[in-house]
Amino acid sequence: MRWGILATGTIAKKFADTVVRMAAEGEMLAAVGSRRKESAEAFAGTYQIPRAWGSYEELAADPEVEAVYIATPNSLHYENCKLCLEQGKHVLCEKPFTTNAEQARELYRLAEQKGLFLMEAFWTRLLPAYEKLRELLAAGAIGNVRFVRCDYGFIAKGARRERKFQSGLGGGALLDIGIYNLGFLHAVMGEAPEAFESQVHFNEFGTDDFSALQLSYPGGRVAHSVQAIGMDMARHAAVYGDAGVITFPDFQHAQQMTLTRYGEAPKEYSFPYDINGFEYQIREASACAAAGRCFSEKFPPEDSLTVLRLMDDIRRSWDMKFDYE
């Protein structure tokens with residue numbers, strides 16, 4: 001598929017590098033757009049992209065672009081997705097898809113009306129390790145799931161820290177990295193929690209830099225999630241059942257996991273990436289678009305909406321609103 005990239009930041013560079021390395025699969029970079037022409041031209045030069053546009057509108061209108069990858073700050077995702085869909089482009093939009101569930105529902109409706117493919121670029125959801133995890137759980141490898149936990153934290157300094165926390169950009173640890181935790185929990189539990197409790201700490205920008213969540217799921221299942229920007233926390237995760245446990249040393253990158261049935265020797269699984277992990281969502285987007293599907297069966301809209309609704313509820317319980325809300 002012929003891709004356009006909207007914005008030129010760090011995550012856009014990773015996406016561009018991935019597409020370049022997928023040329024043999026028919027993927028190619030057709031154009032890049034930025035709010036500054038100079039930024040777009042520099043990006044295009046690095047990745048040998050034929051056209052560089054000095055506005056998002058010009059990129060969205062480019063007839064050579066079939067699909068657009070949106071890599072702007074959280075607060076712009078809704079308007080950027082809408083722009084590209086209205087110009088007839090398939091869209092893969094960075095997570096969080098939008099900053100609230102209502103915006104997401106509107107975009108999914110628009111994509112269906114237009115007959116275009118739309119998916120949140122929740123790259124971990126498409127990883128082979130997650131497919132194997134769901135397969136093991138469905139087969140009862142650890143019996144009935146009772147408890148899940150996951151942690152994720154990193155330290156950001158200077159301009160990066162400010163960018164992560166700015167309310168006007170939809171900042172805070174919950175939307176930036178907590179979404180990975182909640183997405184992992186949803187992949188395991190398969191449904192929304194019935195209730196949750198939380199503790200939160202706010203920074204000087206009025207957004208969250210730490211939260212600890214306890215979530216209660218149907219059937220008496222429980223999950224714990226900790227997300228922090230300002231603490232260096234290993235991305236450990238574990239799924240406990242009444243017959244065993246599955247552990248991840250790094251649930252976000254998810255290239256290794258261990259299955260241990262109680263009283264038995266551990267069984268190790270390895271899932272090395274073909275490239276860097278982004279290739280799986282790109283393949284899914286291209287395959288769905290080629291088949292005329294508006295949504296992915298592997299990561300359907302309802303899964304994305306479930307996590308967004310939960311984050312809406314959590315922020316509401318904190319009385320935390322973004323500047324533009």
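Guide: Helix α8 (residues 173–189) packs against α10 at an angle of about 125°, and their axes lie 10 Å apart. This is a predicted model, in which local features need pLDDT of at least 70, side-chain atom pairs count only at pLDDT 80 or more, and totals for chains, interfaces and linings use all residues. Residues are numbered from 1 along each chain as its sequence is written, and side-chain values use heavy atoms, with hydrogens and water left out.

Visitor: Why are α8 and α10 called oblique to each other?

Guide: Angles under 35 degrees count as roughly parallel, over 145 as roughly antiparallel, 65 to 115 as roughly perpendicular and the rest as oblique. The angle here is about 125°, and α8 and α10 are therefore oblique.

Visitor: Which residues of α8 make the contact?

Guide: They are L174, L175, I179, L182, G183 and H186; contact means heavy atoms within 4.5 Å.

Visitor: How do you know whether P301 is buried or exposed?

Guide: Buried means under 20% relative accessible area, exposed over 50%, and partly exposed in between (1.4 Å probe, protein chains only). P301 has a relative accessible area of 15%, so P301 is buried. P301 is found in helix α10 (residues 301–318). Leaving aside neighbours within four places in sequence, P301 is in contact with Y108 and F295.

Visitor: What makes strand β5 largely enclosed by the rest of the structure?

Guide: Five of the five residues of β5 (residues 90–94) are buried, so the strand is largely enclosed. H90, L92 and E94 point one way from β5, whereas V91 and C93 point the other way.

Note on methods: Helix = DSSP H or I, 4+ residues; strand = E, 2+ residues; numbered from the N terminus. Axes fitted to C-alpha atoms, helices over the stretch in contact; angles between N-to-C directions.
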